[in-house]
Amino acid sequence: MRFLKARNGKEKGQSFVELALIIPLLLVVLAGLTEVGFYMFTYLNALDLTREAARFASTRDFKVLNVTDPNPNHLPMSACTDSVLHYYYDTACFFVDPQLNPWIPLNPNNYDDVTISVFSVNDNNVIGQRFPLPSGVWSLYNNNWQKDCNGNVVTTQPDISNATIQNDFMSGAPHSKGLVLVEVYYCYHQVLNLPFFSQFMTNPVRMHAYSIMPAPEAIPTPTPIP
């Protein structure tokens, strides 16, 4: 006695048609998840680098600079050397040294950049000065942060402005303080580079990550009374 009806050829053909229709959709979803995974992996690495760099900078004196700029022409830095003794360049080493950053190598020709700013906040909880003077933004690659991934200048103002930082101050926190801000601008190129995704996300896409840490050396000191 049979309880199941045997499938005929027509039913089998219908199953193959349904499978042929669903497989492309599954592949698109899988490819999308893979691309998003690569993007998030890159972003989290960039964020971790800014944290490590800002943590390193927070323990040092931002006024420590070489008399001679170690890279006056803003040439691509491939690695860091022990001879460099420059607050900003030493901090940027977290991004340019392949031993410290093996995952997202920066390329100035792709308009990548690293910026560092140091803030001195007075007793009124107002940013009195933003170093380095006069711009307030130190750039590793000749102000690439002002450009998009095609090299077009899209801004001349920092993404993280003084007002942005001041608005995040907690009312109960100490007013007189110093802060260091480390930012990385990275042009992320899609790994799979599928034309379909370029309709929803530009390729490359500008990635921006940053971290802020205390900087005790930037705490304003009272003006001595003569």
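**Strand β1 and its surroundings**

Student: Hi! In which sense do β1 and β4 pair, and over how many bridges?

Tutor: They run antiparallel, with nine bridges between them. Strands here are DSSP E runs of at least two residues, helices are H or I runs of at least four, and both are numbered from the N terminus. Two strands count as paired if DSSP finds at least two bridges between them. This is a predicted model: local features need pLDDT of at least 70, side-chain atom pairs count only at pLDDT 80 or more, and totals for chains, interfaces and linings use all residues. Numbering starts from 1 along each chain as its sequence is written, and side-chain values use heavy atoms, leaving out hydrogens and water.

Student: Is β1 buried or exposed, then?

Tutor: Nine of its nine residues are buried, so β1 is largely enclosed by the rest of the structure. Buried means under 20% relative accessible area, exposed over 50%, and partly exposed in between (1.4 Å probe, protein chains only).

Student: Switching topic: what about Ile23?

Tutor: Ile23 lies in helix α1 and is partly exposed, with a relative accessible area of 38%.
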